[in-house]
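Please read the following briefing alongside the sequence and the model shown below.

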Amino acid sequence: MMKSLTIYSRLKVSDLDLLVEDFKIRFDQELKDSFSDEELKLMEPKIDSIAAIYVQPIISELAFDDFYFNPKDENALREFFDQCQSAIVFENMPFLESNIFQVSYLQELLGLFEEGLIDRGGISNLIFKSEFMNEIKNYKGIDTLLVNNRIIERPSKTALPVDPIDFLVQDVYAELLRLRDQNINPAELPPKVQKILQAIKDEKLDPQTLFSKTGLNPKDFDDGLEKLKFWLKRK
């Protein structure tokens, strides 16, 4: 999970600030155009968890050698960084694997730049925007919720699922309910999938709580749910 993310740009601070403020307005309008007020209310927790962002000049004390980077890319990265004048800082990033709104927000904002540098914090390498975009292109975005500009509806006794992972968890619970009178042998499953099955059988949990209970990383959790769902369907 990235706790923070910084985009370095060659734009002037004033120009970047205008670009970001305009983008925020257009993204809000995009949500209003795509979803009803009722749907937006249901999705409010996910939307509110989109990372806060602000524009700032390059910190004077910051030097290129403060970053981690792939040595083979050093010359190109260093040359670009030396031309940067501004930065966009994202704080408290949610899991991209479980927040489709953050994914679309990032993809659409980054699409406004010809190029930029991405610092994912920690010991991650500094990379070009184009490389980062390639990394996140397979994450699910807002479009996965839309069919003819409407949320894909699925009945639920609790809250209406609004995220792809929510639908996946609901599907697994539905399969377990269908098989409630049958004996299921979890020994057939990989250990990580067994962890999910054990956690999901104990009680009905929301996806975030279930994820935390399994102790898996986001990719293993997502992949494990998919495997568990199709394994159950074959029973």
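In this predicted model, helix α9 spans residues 218-233, and its 16 residues reach 23 Å from the first C-alpha to the last, which is close to the 22 Å expected at 1.5 Å a residue.

**Helix α9**
- The buried residues of α9 are P218, F221, G224, L225, L228, K229, W231 and L232.
- The N-terminal end of α9 is capped by N217, which has a side-chain oxygen 2.7 Å from the backbone nitrogen of D220.

**S34 in helix α1**
- S34 belongs to helix α1, which covers residues 13-34, and with a relative accessible area of 13% S34 counts as buried because this value is under 20%.
- The side chain of S34 reaches the backbone oxygen of E30 at a distance of 2.8 Å.

**N92 in a loop**
- N92 lies in the loop between β3 (86-91) and α4 (100-110), and although N92 is not a glycine, its phi is positive, at about 55 degrees.
- Most residues other than glycine have a negative phi.
- N92 has a relative accessible area of 61%, and because this is over 50%, N92 is classed as exposed.

Definitions and conventions: Residues are numbered from 1 along each chain as its sequence is written. This is a predicted model: local features need pLDDT of at least 70, side-chain atom pairs count only at pLDDT 80 or more; totals for chains, interfaces and linings use all residues. Side-chain values use heavy atoms; hydrogens and water are left out. Helices (H or I, at least four residues) and strands (E, at least two) are DSSP runs, numbered from the N terminus. Buried means under 20% relative accessible area, exposed over 50%, partly exposed in between (1.4 Å probe, protein chains only). A polar contact is a pair of N or O atoms within 3.5 Å; within protein, one must be able to donate a hydrogen and the other to accept it, and residues adjacent in sequence count only if both atoms are side-chain atoms. The expected span of a helix is 1.5 Å times one less than its number of residues.
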